[in-house]
Amino acid sequence: MHSNTDISKPSDKDGEDYISILSIPGLSVKLNHLNGFLQLTSTGPLNTTCSPFLNKINSRLENEKPASWNDESVIASTWLPPIPSGPFKRLIYAETKIAFGKYIPETVSFEITRECKCNCEHCVVSGGEGDLDIETFKRAIDEALDMGAFIITFTEGDPLLREEIFELIDYVDKERAIVNIFTPGTELTPEAAKRLKEVGLHNLLISIYSTYPEKHDSVRRLEGAHEMAINAIKNALDAGLLVTMATHVSPNRMDELPKLYELASELGVHELSLWESVPKKPGDPILSDTDRESILEMYHKINSNSEGPRVFSNTYFEGEMLGCMAGQRWMHVCVDGSVKPCPYIPFEFGNIQNDSLKDIWNNIRKYPQFKGKRSRCLMHETEFLNLVSKIPDSEDIPYSFAKMQ
């Protein structure tokens, strides 16, 4: 990424421009302006441990355009904290600990309501009735931050259908974590967009499943959902929010990716986010290796071009960079308080109404399925899907993982 920013910065003794990102015993990390590029450098006894992850970030900074930048910060991807910032400092610290084998739930996502005007078949919101009280969610947020989380995400049903969403966003300490929201966009008025900006939302994510309104509406099972989503994106951009247009990529949607990127460009969003569709049972369609190669080719081609929004793809981010994050860097809190390793895995490992997030995380981490790097989603692995298929039809999802052992 060629630096066309003018970030305020001191200079070290050699006259090199830098910003101090992290300073802990054994490790110092700086953001430097080197030959017109932004690069992270580290010094200290822990440098060798930290360097592999910093090299991955540096490769992105040098070879890919950012999602956004201004005079004070660079946002390499809408999924990541600004550089520099308190949450980015925590990212570096977390990855340093992970390098020593101490895994941290860097991202914790919360379902805060069952309410949604859409009725999507792929929705993963848990069964049952009613929502938890806001104080319970606040306690869990505090626990997540204390464990090292630096990304808090509010997600399905539609968070904007719960009035306390603005209170919850405001509650998150922005020096410790960024806040994201997933919404289908049916409720995002100009007034709501302004409120989201005021309470400190980092990134708004709105999914578009097709450039053809009738196809998108069919997925959402709501007439007019496509038009509502487009208007929501426009309202969010007008309010000055960071906006990601997201989509789930299944084999039958591969041919729509170029058109979806054209739409993202026309709307002026900051990033198009591509997530591989996740099967629910053995035999469900998944992307082929050829499909994944096409996504990676699109990813590199677009992100090396200075024009248009950048592309985020979990095919790259998890497939090549970090590996599957479920139970390793991610934890998901369901609307009934049960906790899963990620939104897509239908097993629960505890409930925030009875257990601390730390104890639940330790419970997840003790199972071999959540150890070791894997380049694909765990739900794409036949052995694990066969385990999922053994959940009794009469039981609610998520189902206790302990009962499967």
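At what angle do helix 9 and helix 10 pack, and how far apart are their axes? I get about 105° between helix 9 (residues 289-303) and helix 10 (residues 314-322), with the axes 9 Å apart. Axes here are lines fitted to C-alpha atoms, for helices over the stretch in contact, and angles run from 0 to 180 degrees between N-to-C directions. That makes helix 9 roughly perpendicular to helix 10; the cut-offs are under 35 degrees for roughly parallel, over 145 for roughly antiparallel, 65 to 115 for roughly perpendicular, and oblique for the rest.

Before going on, I note that this is a predicted model, where local features need pLDDT of at least 70, side-chain atom pairs count only at pLDDT 80 or more, and totals for chains, interfaces and linings use all residues. Residues are numbered from 1 along each chain as its sequence is written, and side-chain values use heavy atoms, with hydrogens and water left out. Helices (H or I, at least four residues) and strands (E, at least two) are DSSP runs, numbered from the N terminus.

I listed who touches whom, contact meaning heavy atoms within 4.5 Å. Helix 9 brings Arg-292, Ile-295, Leu-296, Tyr-299 and His-300, while helix 10 brings Thr-315, Tyr-316 and Glu-320. By type, I see four nonpolar, two polar and two charged residues in this contact. The sorting rule: Ala, Val, Leu, Ile, Met, Phe, Trp, Tyr, Cys and Pro are nonpolar, Asp, Glu, Lys and Arg are charged, and the others, Gly among them, are polar.

Nine strands form an open sheet with mixed pairing, in the order 12-11-10-9-8-7-6-13-14. Two strands pair if DSSP finds at least two bridges between them. Strand 12 (310-313) and strand 14 (339-340) are at the edges with a single partner strand each, so one side of each has no neighbour in the sheet.

Is strand 9 (residues 203-207) mostly covered or uncovered? It is mostly covered, with five of its five residues buried (buried is under 20% relative accessible area, exposed over 50%, partly exposed in between, using a 1.4 Å probe and protein chains only). Asn-203, Leu-205 and Ser-207 point one way, Leu-204 and Ile-206 the other.

Strand 9 runs parallel to strand 8 (residues 178-183), joined by four bridges, and Ile-206 is the bridge partner of Thr-183. I followed the chain from strand 8 through helix 5 (residues 190-198) to strand 9, and this β-α-β crossover is right-handed: with the strands pointing away from the viewer, the path from the first strand over the helix to the second runs clockwise. Four bridges also join strand 9 to strand 10 (residues 243-249), again parallel, and there Ile-206 stands opposite Met-245.

At the other end I checked strand 13 (residues 330-333) and strand 14, which run antiparallel with two bridges. Here His-332 stands opposite Lys-340.

The peptide bond from Ile-83 to Pro-84 is cis, with omega near 0°, and so is the one from Glu-156 to Gly-157. Arg-221, in the loop between helix 6 (213-220) and helix 7 (225-238), has phi near 55°, a positive value in a residue other than glycine.
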